[in-house]
Amino acid sequence: MIRPTVVKNLWGRAGGRCSICRIELTSVEGEGVLGEMAHIDARSADGPRANPDLDADTLDSYENLMLLCPNDHTTVDRAVEQWPVERLREVKREHELWIALRLSEGSALPFVLDTSAHRQERRSYWKGLDRHSWLCCSLTPLALSQDVIDPLGASYRRLISVLDLPQFVKIYLNPHPNPTLTEPNSNGLVNEDFRRLREGVGYRVEIFRNGYVEFVTCIDELLGRFPVAEMEPGRAVRRTRISDHRLMRCRRLLPYFPFADSLTAQVKALLRVWRDGTLPFRDMVLSTFVIGAQGTCILRPGQSDEVVGRPLEGDEVGYEAATERDVDTQELLGVVLRRLANAFGLELDPAFTAAGELVAPSYLAVS
Ligand SMILES: [Zn+2]
């Protein structure tokens with residue numbers, strides 16, 4: 001017997017929607033409802049995911065129930081291997097968060113508190129690796145819990161070795177992460193190649209057991225190509241459109257196209273892990289950060305290369321947004337590139353041509 005308080009909590013926290021397909025489960029007219037309160041561990045001893053250790057109260061508790069539509073209820077009870085207890089719990093939790101998120105728009109969001117510490121910790125980690133500059137991209141689940149996925153399974157290992165590396169990394173290393181460099185670590189699964197880090201090239205792809213995925217590239221090679229002497233006021237060999245005062249603070253130049261290409265490749269790889277690796281989340285937080293690039297200006301390619309915009313003031317700059325698995329990749333990349341360009345005092349609209357080619361940013365006029 002499911003207690004009335006459990007029923008109310010279940011329907012309320014799920015927003016009256018199926019936890020899997022999110023279809024509305026209340027009827028617009030009349031009193032009928034479509035929703036079914038599905039048991040995660042089966043109520044009967046020979047049912048799907050049955051656990052003989054659980055007593056009747058536990059089986060009918062809020063923790064062991066989830067709201068589903070009839071179709072998905074049938075699916076999860078038939079395909080028990082694809083829908084183990086852990087996955088159902090994760091789906092339920094994520095769905096309830098998704099509802100909470102939508103109902104609390106504009107106010108302090110619970111998920112931000114939940115994962116911002118983790119994301120901050122990752123950035124601090126990369127910042128701690130001094131004397132290098134990094135382009136760090138990651139996907140974080142809306143809420144973190146232990147052992148949501150098994151990254152050591154064959155599918156994630158295979159997936160890592162087919163990801164595309166950024167163009168400038170390919171020149172020095174391989175087109176794809178070398179499978180012999182894939183290994184387990186304390187977080188989960190990692191593939192890294194830092195053997196040429198002294199030359200400013202290296203990357204790390206890491207898949208955590210909690211579902212967090214990170215792709216980091218050292219961008220020193222890009223930054224290192226332009227000697228500082230060339231950039232001193234009056235001695236600049238390139239036409240500049242920033243005032244001498246600003247140029248004084250400009251320490252390094254970052255050529256836009258290889259930078260944007262790297263960011264694009266890294267974000268696409270993460271989305272591929274999310275989609276093809278079947279990370280069990282519908283929403284995740286995408287983070288893209290440039291770390292250790294204080295005083296960097298963007299170099300805009302053209303007939304004569306131009307230094308444009310303004311040097312980066314802080315040591316880190318980035319953009320974060322919650323995003324859906326089915327988001328349009330190009331659209332998402334457009335937003336990310338635009339935000340990063342803005343941080344360098346540049347304007348970028350659109351980020352891509354209709355044919356999908358990168359567009360150079362333009363100078364953001366300062367009045
Ligand atoms: Zn459904």
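Strand E6 (residues 203-208) has five of its six residues buried, so it is largely enclosed by the rest of the structure; a residue is called buried if 20 or more other C-beta atoms lie within 10 Å of its own, exposed if 12 or fewer, and partly exposed in between, with C-beta atoms placed from the backbone. Strands (E, at least two residues) and helices (H or I, at least four) are DSSP runs numbered from the N terminus. The model is a predicted one, in which local features need pLDDT of at least 70 and side-chain atom pairs count only at pLDDT 80 or more, whereas totals for chains, interfaces and linings use all residues. Residues are numbered from 1 along each chain as its sequence is written.

On one side of the pairing list stands strand E5 (residues 188-193), which runs antiparallel to E6 and is joined to it by six bridges, with Gly188 opposite Phe208 of E6; two strands are taken to pair if DSSP finds at least two bridges between them. Strand E7 (residues 213-218) also pairs with E6 in the antiparallel sense, over five bridges, and Val213 in E7 is the bridge partner of Ile207. E6 and E7 form a hairpin with four residues between them, and Gly211 in the turn has a positive phi of about 95°.

## Overall make-up and cores

The chain contains eleven helices and 15 strands, and buried residues make up 38% of its 367 residues. Among contacts with a separation of 6 or more, 68% are between residues 24 or more positions apart, a contact being two residues whose C-beta atoms, placed from the backbone, lie within 7 Å.

A nonpolar core is a set of buried Ala, Val, Leu, Ile, Met, Phe, Trp, Tyr and Cys residues joined through C-beta atoms within 7 Å. The largest such core has 70 residues, of which Trp134, Cys136, Leu263, Leu270, Val273 and Leu337 touch the most other members. Helix H10 (residues 256-276) supplies the largest share of this core, eleven residues. A second, separate core of 15 residues includes Ala38, Leu67, Cys69 and Val91.

## Helix H11

Helix H11 (residues 329-343) has 15 residues and reaches 21 Å from its first C-alpha to its last, close to the 21 Å expected at 1.5 Å a residue, where the expected span is 1.5 Å times one less than the number of residues. Its buried residues are Leu333, Val336, Leu337, Leu340 and Ala341. Seen down the axis of H11, these buried residues fall within an arc of 130°, so they line one face of the helix; the arc is that of the directions from the helix axis to the C-beta atoms.

The buried residues of H11 pack against H10, strand E10 (283-291), strand E13 (316-324) and strand E14 (346-347). Leaving aside neighbours within four places in sequence, Leu337 is in contact with Ala260, Leu263, Leu348 and Ala351. After H11 comes Gly345, whose phi is positive, near 75°.

## Backbone exceptions

Most residues other than glycine have a negative phi, and most peptide bonds are trans. The bond from Asp349 to Pro350 is cis, with omega near 5°, and Pro350 is found in the loop between E14 and strand E15 (362-363).

Arg22 has a positive phi of about 65° although it is not a glycine; Arg22 is found in the loop between helix H1 (4-13) and strand E1 (36-39), and counts as partly exposed because it has 16 C-beta neighbours inside 10 Å. Arg49, in the loop between E1 and helix H2 (56-59), has a positive phi near 55°, and with 16 C-beta neighbours inside 10 Å Arg49 counts as partly exposed.
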